[in-house]
Amino acid sequence: MILKVSNLSKSFPIENMEPQQVLKNIDLTIDNGEFVSIMGASGSGKSTLLYTISGMTQPTSGTVEFAGENLSNLSEEELTNLRLGKIGFVFQQANLLKNFSLIDNVTLSAYLGKKESKLKIDQRAKQLMKQAGVSEIATKDITQASGGQLQRVSICRALINQPEIIFGDEPTGALNSNSAADIMKLFNEVNQTGKTILLVTHDAKIASQTERILYMSDGEIIAERYLGKMTDSSQLKEREEKVAEWLKVLEF
Ligand SMILES: Nc1ncnc2c1ncn2[C@@H]1O[C@H](COP(=O)(O)OP(=O)(O)O)[C@@H](O)[C@H]1O
Ligand SMILES: [Mg+2]
């Protein structure tokens, strides 16, 4: 088990009103190597859940254990190291730096970590970019790449410090369906190397490609569907039909 979330709640204060409870007593465990997606309507708390379990924000109550360690027991410095080394994050927008080449965007956080030689980091960046199909644009900048390519670079950036888990907040949300399919193929390959992946998506087609789908409504996980790992893209249609039926009932 890589993540154990117990009785997790998160509230945001609202002026002159009761605080808004955005996460309500969530229990969740994620096993090592799982590929999980989180669905649910806009505003149901998906992003807040992701940010809270990845240590980016603090819960109001409850605990998050990452690889056996309770995040609330960690100092600010330990949390920063955890976020830098053990967790990779991919957002809807790639948010790459414009005055750096794409490969420099990938290597930057590893250079800052100062744990390895630049040579070693560069080699790993090249390898990752090759695997992601963006090595031919490594020395270009963000103005010279498509949205799908930029997102592939941001996945390389998330992987450079060899994290154990990758979180994605609608990582295909800004892409056309072809680019989204490429990104999912890449995530699937990354998952096959043993990394745990947790993706927020509102796209049933994306969720259908993951091993397990959690469904959030109003701050709670109200349903979950285990599909098993997708081992061949020929299974996609059948999986999509299953998920569509499941969602029809949930969203009724
Ligand atoms: N920093 C914040 N301050 C106040 N309210 C917030 C904050 N972040 C999120 N919320 C509220 O929490 C609810 C859930 O938001 P969010 O987690 O972004 O949902 P989702 O990702 O499912 O669309 C929304 O009502 C949103 O307005
Ligand atoms: Mg969101």
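**Exercise 1. The pair α3 and α5**

Task: In this predicted model, work out how the helices α3 and α5 are placed relative to each other, and which residues meet between them.

Solution: Begin with the geometry, since two packed helices are described by the angle between their axes and the distance between the axes. For α3 and α5 the angle is about 25°, and their axes lie 8 Å apart. Angles under 35 degrees count as roughly parallel, and α3 and α5 are therefore roughly parallel to each other. The next step is the handedness, and here α3 passes α5 in a right-handed crossing. Turning to the residues, α3 contributes L102, N105 and V106, which meet L150, V153, C156 and R157 of α5. Sorted by class, this contact of α3 with α5 holds five nonpolar residues, one polar residue and one charged residue.

**Exercise 2. The pair α3 and α4**

Task: Decide which term describes the placement of α3 relative to α4, and then list the residues that make their contact.

Solution: Helix α3 covers residues 102-113 and helix α4 covers residues 118-131; they pack at an angle of about 135°, with their axes 10 Å apart. Because of this angle, α3 is oblique to α4. The crossing in which α3 passes α4 is right-handed. On the side of α3 the contact is made by L102, I103, V106, T107, A110 and Y111, while α4 supplies K118, I121, D122, A125, K126 and M129. When these residues are divided by class, the contact of α3 with α4 has eight nonpolar, one polar and three charged residues.

**Exercise 3. The pair α5 and α6**

Task: Describe the packing of α5 and α6 by angle and axis distance, and give the classes of the residues in their contact.

Solution: The axes of helix α5, residues 147-159, and helix α6, residues 177-192, come within 9 Å and cross at roughly 20°. It follows that α5 and α6 are roughly parallel to each other, and α5 passes α6 in a right-handed crossing. In the contact, G148, Q151, R152, I155 and L159 of α5 meet S179, D182, I183, L186, F187 and V190 of α6. By class, the contact of α5 with α6 consists of six nonpolar, three polar and two charged residues.

Methods
Residues are numbered from 1 along each chain as its sequence is written. Chains are lettered from A and ligands numbered from 1 in the order in which they are written. This is a predicted model: local features need pLDDT of at least 70, side-chain atom pairs count only at pLDDT 80 or more; totals for chains, interfaces and linings use all residues. Side-chain values use heavy atoms; hydrogens and water are left out. Axes are lines fitted to C-alpha atoms, for helices over the stretch in contact, and angles run from 0 to 180 degrees between N-to-C directions. Helices (H or I, at least four residues) and strands (E, at least two) are DSSP runs, numbered from the N terminus. Angles under 35 degrees count as roughly parallel, over 145 as roughly antiparallel, 65 to 115 as roughly perpendicular and the rest as oblique. A crossing is left-handed if the near helix is turned anticlockwise from the far one by less than a right angle, and right-handed if clockwise. Contact means heavy atoms within 4.5 Å. Ala, Val, Leu, Ile, Met, Phe, Trp, Tyr, Cys and Pro count as nonpolar, Asp, Glu, Lys and Arg as charged, and the others, Gly among them, as polar.
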